[in-house]
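Me: Please show me the structure, and let us then go through the terms used to describe it.

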Amino acid sequence: MTSDVLFDPQRLIRARVELVSEIDRGSAVLSSRVAEAFLNTPRHPFVPVFYRYTGTTYVPWRITDDADKWLRQVYSNEALVTEVDGVLAEDAAPSGQGGAATSSSTMPRLMADMLDALDVNPGNRVLEIGTGTGYNAGLLCHLAGAANVTTIDYTAPLVLAARGRLRELGLEPTVLRGDGAAGHPDGAPFDRIIATCSVRRIPQTWLDQCAPGGIIVAPLKGTLDGGAVACLTKLDDGGAVGRFISTPAAFMPLLSGPEQLFAMPDSIDGPQRTAEISGRTLDDFGFAFWAHLHMAPTAVRRGRQVNGQHSTTLYDPADGSATVVEDRPDGPPTVTTTGPRDLWKPIEGAHEQWRAHNRPRREWLHIEATPDEQSVTFLAPDGSFSRWVL
Ligand SMILES: C[S@@+](CC[C@H](N)C(=O)[O-])C[C@H]1O[C@@H](n2cnc3c(N)ncnc32)[C@H](O)[C@@H]1O
């Protein structure tokens, strides 16, 4: 009774058509090939159970809860969290699960934008890093042909589930458990490589395993929330050049090896000054990506509320510098630093530059990767040039 909607083909087709119209209404320019892939690949088999966030807990949502609402959510332009702290939504207690999302089905409009940038043609050999639910792999099978698709995830239960769901739809790509940071040397070279988890810089393995003329689409993100999806073309000399797509993206990071968790200092004592900008400035994803380019690669950030006020802590384990920026109810935010460097200064400088350049959009930036170095560049309308090494 509750799952009648799954036996109503007209209803399921309508849901997919509505999703494609919804994607097309956004800023993404949906190509006919990608639209066709979304029309022919159902999302619901890949997300039989997903989480709803209540503000404190992730509660599993099943079709048996309310089939109509469930189906609407599945075919909405929303990301659907499917794993929290390693617990699949299927296995979660009805009361829910605390922790952080560790896998999800990405927002369809972002998926469409990334697939458009990837420009997959039938017969292209494709590698996906981050299988997750398998939905994106299903779309890739439609675009390239299942025999040409390899997809890798770090987590064994996700791989098993995705492989089974793809098979039920008659699709048999290569679905592997492994560390996507290593790519898949045995299957190389690939014409297209797509990552659906974020990296600080493009792993050399992906550059090595991409065929000349091939395309790599990968979200770049540091410790700040704002990420940007890079789209690079591999050159004959082993390097790659490209740009960023316009859609913001804050993918979960590529997990590799032991997680490096640094104990953030709880309280910071030291010289104090007035901040030029609040830590909340980093809530703007456009600025956060620009700011990330100005941060030392080793620096980490934590944002939280303290006594009802926003507080951002930056910490660089490389030299022990720690800086906290705190909003005040009765005046401008303050900056307190311990260690050799004030870590908020470069972010303030980045903000001044970002405003002076009229808030550059991520799609105005370029990226270049050589075997020795990766960098992002920006040529401002006034002719000035900025370059950051990743
Ligand atoms: C946003 S989800 C992927 C969404 C997926 N493409 C889909 O369509 O459902 C990110 C995935 O990256 C995976 N991941 C994280 N680190 C990884 C690594 N080192 N190698 C392979 N997969 C990784 C996570 O397990 C998670 O499933």
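This is a predicted model: local features need pLDDT of at least 70, side-chain atom pairs count only at pLDDT 80 or more; totals for chains, interfaces and linings use all residues.

Reply: Residues are numbered from 1 along each chain as its sequence is written.

Me: What makes a residue part of the shell around the ligand, and which are the closest?

Reply: A residue is near a molecule if its C-beta atom, placed from the backbone, lies within 6 Å of it. The shell around the ligand holds 25 residues, and the closest are S103, G130, G132, N136 and G180. Two or more residues each come from strand 5 (101-105), helix 5 (135-144) and strand 7 (149-153); helices (H or I, at least four residues) and strands (E, at least two) are DSSP runs, numbered from the N terminus. Strand 5 gives the most, with three residues.

Me: How is the shell around the ligand divided into nonpolar, polar and charged residues?

Reply: Ala, Val, Leu, Ile, Met, Phe, Trp, Tyr, Cys and Pro count as nonpolar, Asp, Glu, Lys and Arg as charged, and the others, Gly among them, as polar. By this division the shell has 11 nonpolar, 12 polar and two charged residues.

Me: Why are strand 13 and strand 14 called edges?

Reply: Two strands pair if DSSP finds at least two bridges between them. Five strands form an open sheet with antiparallel pairing, in the order 13-17-16-15-14. Strand 13 (272-274) and strand 14 (300-306) each have a single partner strand, so one side of each is left without a neighbour in the sheet.

Me: How do you know that strand 15 and strand 16 pair?

Reply: Six bridges join strand 15 (residues 309-316) to strand 16 (residues 321-328), and the two run antiparallel. Since the definition asks for at least two bridges, they count as paired. The bridge partner of D316 in strand 16 is S321.

Me: What makes helix 1 and helix 2 a contact, and which residues make it?

Reply: Two residues are in contact if their C-beta atoms, placed from the backbone, lie within 7 Å. Helix 1 (residues 9-25) supplies R16, V17, L19, V20 and I23, and helix 2 (residues 32-40) supplies A35, F38 and L39. By class, this contact has seven nonpolar, no polar and one charged residues.

Me: Where do the bounds of domain 1 and domain 2 come from?

Reply: Domain bounds come from an automatic or database domain assignment, which here gives domain 1 (4-248) and domain 2 (272-354). Their contact takes nine residues from domain 1 and 13 residues from domain 2.
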